[in-house]
Amino acid sequence: MDTEKDAEKDAEPQGRDWTDEHVARWLPVLPDLDPEIEGAVTRMKKLSVHLRRVREQSLLDLALDRPEFDTLHKLAGRGGKAAPSDLAADLDLAPASVTGRLDSLERRGFVRRTPSTKDRRRVDVELTDSGRETWLGAMDVVGHEEYRLLGTLSATERTQLNGMLRRIMLTAEADGGTSWH
């Protein structure tokens, strides 16, 4: 019983935020507005914007532009080594666009190109220690903020939130919905 009361107490709002005022302002204008849906969607949008701003600031602090970060991120996601054509596919870019990015990243010492061990006509792109450190630096800033925000929830609440958002995403992705990259 006490855990049920604790869970109910945890679910209660701890104060009013910007979105509460937003919903209150729109309810008289749109009487059919569901305040729970409007509140949830608005909060998700604002959190997404907040995390994007944190990420962009971390990139500025590291003197890294977004395309460079995206390229390092995709390369790191492939274990730190990939063919340029694989990176182009991952980034949904033309190979020539990736070549320009790789040129810039190589000049900065973040990647190196080496002859492929599988095909002498190709090269592999490898993440350097400096590139991995820079990529991790950007990831750490955003990760820290994500943990700070979601750390206000208990482990059980984080699991519940994740499950609920998964259900929503499955609905969004159903029937050939928007492709998520």
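Modeller: What follows goes through the salt bridges one by one. This is a predicted model, in which local features need pLDDT of at least 70 and side-chain atom pairs count only at pLDDT 80 or more, while totals for chains, interfaces and linings use all residues. Residues are numbered from 1 along each chain as its sequence is written, and side-chain values use heavy atoms, with hydrogens and water left out.

Side chains of opposite charge can pair when their charged atoms come close. A salt bridge is counted when a side-chain nitrogen of Lys or Arg lies within 4 Å of a carboxyl oxygen of Asp or Glu. Searching the whole structure gives twelve salt bridges.

One of them joins arginine 148 to glutamate 145, at 2.7 Å from N to O. The two residues are about one helical turn apart, because they sit three residues from each other in helix α7 (residues 129-150); a helix here is a DSSP run of H or I with at least four residues, numbered from the N terminus. Glutamate 145 is buried, at 9% relative accessible area, whereas arginine 148 is partly exposed, at 48%. Buried means under 20% relative accessible area, exposed over 50%, and partly exposed in between (1.4 Å probe, protein chains only).

Arginine 121 pairs with aspartate 119, and their closest N and O atoms are 3.1 Å apart. Arginine 121 is exposed, with a relative accessible area of 76%.

Arginine 55 and glutamate 56 also form a salt bridge, at 3.7 Å from N to O. Glutamate 56 has 30% relative accessibility, so it counts as partly exposed. Arg55 and Glu56 belong to a network of salt bridges that also links Arg66 and Asp70.
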